[in-house]
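Dear colleague,

Please find below the structure that I am handing over to you. My findings follow directly after it.

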Amino acid sequence: MSVYQPSDDSELLLKAIVNLNNLKTLEIGIGSGIILQSLSSNNNYVVGIDINQESIDYAISFLQKLNLHNNVDLILGDGPNMFNSETFDLIVFNPPYLPHDNYTDRATDGGKTGLELTIEWLEISLNIIKKTGRIIFLQSNLTPIDEYLETLSKSFSVNILQKKKIFFEEFSINEYRTTVIS
């Protein structure tokens with residue numbers, strides 16, 4: 001397993017979160033740490049989780065070089081289910097979203113349809129985000145997530161913060177605010 005390197009998806013997510021600050025933040029699946037770096041520069045306390053020890057080691061090294069490690073805790077694990085309710089102001093993730101095939105790896109394999117991990121992380125995130133918090137995550141049009149997101153939008157405020165089309169897919173950055181819509 002190697003460290004997931006930033007690409008168009010990571011860069012789009014970075015643009016969406018770069019101005020968020022002074023929050024207690026969780027990033028699920030830190031990969032190369034590019035999002036974690038921005039979060040740790042701007043926020044009071046940041047937790048990063050990844051299933052890949054190489055990603056954790058890589059992030060520790062570069063955060064120390066940039067002197068951004070004092071407000072960051074890194075956890076080796078496969079999801080955010082270890083936290084109590086209403087812990088974070090902001091939860092960010094760029095989930096593995098490709099449907100499983102013979103070529104995908106853990107960094108990109110989102111399950112049979114590509115949605116399984118995204119839905120799991122969203123549902124856990126909804127349980128650990130503060131009432132005034134928000135969840136920001138990347139989605140690809142390669143996964144059939146629209147029906148699920150429409151169901152969530154009946155109870156939560158939903159915004160698309162960014163979109164980017166590349167030659168074979170379109171990414172969007174979704175924001176869910178836990179404020180219940182009347």
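**Findings on strand E1 and its surroundings**

In this predicted model, Thr25 faces Leu90, a residue of strand E4. The pairing to which these residues belong is parallel: strand E1 and strand E4 (residues 88-93) are joined by 4 bridges.

Strand E1 itself spans residues 24-28 and is mostly covered, with 4 of its 5 residues buried. Strand E1 also pairs with strand E2 (residues 45-50), again in the parallel sense, through 5 bridges. Within that pairing, Leu26 has Val47 of E2 as its bridge partner.

Helix H1 covers residues 8-17, and its buried residues are Asp9, Ser10, Leu12, Leu13, Ala16 and Ile17. Viewed down the axis of H1, these buried residues lie within an arc of 165°, and they therefore line one face of the helix.

Helix H4 (residues 116-128) contains Ile119. Ile119 and Leu149 are 30 residues apart along the chain, and their C-alpha atoms are separated by 9.3 Å.

With kind regards

Definitions and conventions: Residues are numbered from 1 along each chain as its sequence is written. This is a predicted model: local features need pLDDT of at least 70, side-chain atom pairs count only at pLDDT 80 or more; totals for chains, interfaces and linings use all residues. Side-chain values use heavy atoms; hydrogens and water are left out. Buried means under 20% relative accessible area, exposed over 50%, partly exposed in between (1.4 Å probe, protein chains only). Helices (H or I, at least four residues) and strands (E, at least two) are DSSP runs, numbered from the N terminus. Two strands pair if DSSP finds at least two bridges between them. The arc is that of the directions from the helix axis to the C-beta atoms.
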